[in-house]
Amino acid sequence: MHEVAMAYERLSDRFVRWAQAEDNIRAAIVIGSRARTDHPADEWSDLDVIILANDPESYWASADWLHNVGVPWLTFIEPLPDGSGFERRVLFEGGLDVDFAPDPVAPFRRMLDEGHFGGLLADLIRRGVRFLVDKEGFAKRLEQIPTVPPPYKPPTEPEFLNLVHDFWYHTVWTAKKLRRGELWTAKSCCDSYLKQLLRRMLEWHTRARRGASIDTWMRGRFLEAWADPRAVAALPKVFAHYDEADVWRALLATMALFHWLALETAEALGYTYPSFGEDRAVEIVEHLHTNAHTNEEVTELPA
């Protein structure tokens, strides 16, 4: 066994010994790469653990209990991706990265009784779980619940149009911040907010063009494997250095990539594309960029 994997095993064993003695904890489930067979863990993988407890708040409100598991170097609280609660992220001695997600056990029991899991939890369970602690026989009951993913629902036309309008609006917003000299704000929008909209369009584009069964994972995981190769080839050009000219370059490259992805997605879904709004946004951005290059004052924007 690889040295890193052995270190995680030893940490897991310490956690299990502690959790078994904690009556408040009813189960602990490993999710993510260390429980998957598809894209399994490698030496860079962290350990993701859901702690099902009668009172989960104590485990993210305090970090004292971590000393029962290992020697924590760094720890902090972060909201869960679906907004349903918090997780405690920990960097233990030796660089071992563990995410503990304390959850109330009652809703988990209820979902088992109903024979149905929804949302992010359903997706995580479908991809693979491994019980570290199971005081109530959850694992056996979980085996009886189908883990087939729900049918994919493409974006509705209003949802699609909302994202497209959002993207082009913020290209203009970014350009104005650049002209004002707010480089941090402009780069943050270009390389963070616009990129999240771009990622969502990449997901829609993939399923619309290649089929609803294509697994686009979540938040860009394994994007290089499932996204259109043309888009993947363009990605190195859409991120910027902390430099005004380079943010302009990256913004225009992001716009060019989003343009054909959104057009092809609209065509595949049979939706009307808001070309007029995009054209106006592009005109304004290019106008502001040209004036920035010549250092001329902008007295009015294109009508």
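These notes cover the sheet, the helices packed on it and the nonpolar cores of a predicted model.

1. Local features need pLDDT of at least 70 and side-chain atom pairs count only at pLDDT 80 or more, while totals for chains, interfaces and linings use all residues. Residues are numbered from 1 along each chain as its sequence is written, and side-chain values use heavy atoms, without hydrogens and water.

2. An open sheet of mixed pairing is built from six strands in the order β3-β4-β5-β2-β1-β6. Strands are DSSP runs of E, at least two residues, and helices are runs of H or I, at least four, numbered from the N terminus; two strands pair if DSSP finds at least two bridges between them. β3 (72-79) and β6 (130-134) are the edge strands, each pairing on one side only. From one strand to the next the twist averages 20°.

3. Seven antiparallel bridges join β3 to β4 (residues 86-92). Pro72 is opposite Phe92 of β4.

4. Helix α1 (residues 3-21) packs on the sheet and touches β1 (25-31), β2 (47-53), β4, β5 (96-104) and β6; contact means heavy atoms within 4.5 Å. The direction of α1 makes about 30° with that of β5, whereas α3 (residues 105-114) lies across β1, β2 and β5 at about 75° to β5. Axes are lines fitted to C-alpha atoms, for helices over the stretch in contact, with angles from 0 to 180 degrees between N-to-C directions.

5. The largest nonpolar core has 44 residues, of which Trp168, Met201 and Phe258 touch the most other members. Elements giving two or more residues to this core are α6 (157-180), α7 (183-210), α8 (223-226), α10 (244-269) and α11 (275-294). A core is a set of buried Ala, Val, Leu, Ile, Met, Phe, Trp, Tyr and Cys residues joined through side-chain atoms within 4.5 Å, buried being under 20% relative accessible area (1.4 Å probe, protein chains only).

Methods: Buried means under 20% relative accessible area, exposed over 50%, partly exposed in between (1.4 Å probe, protein chains only).
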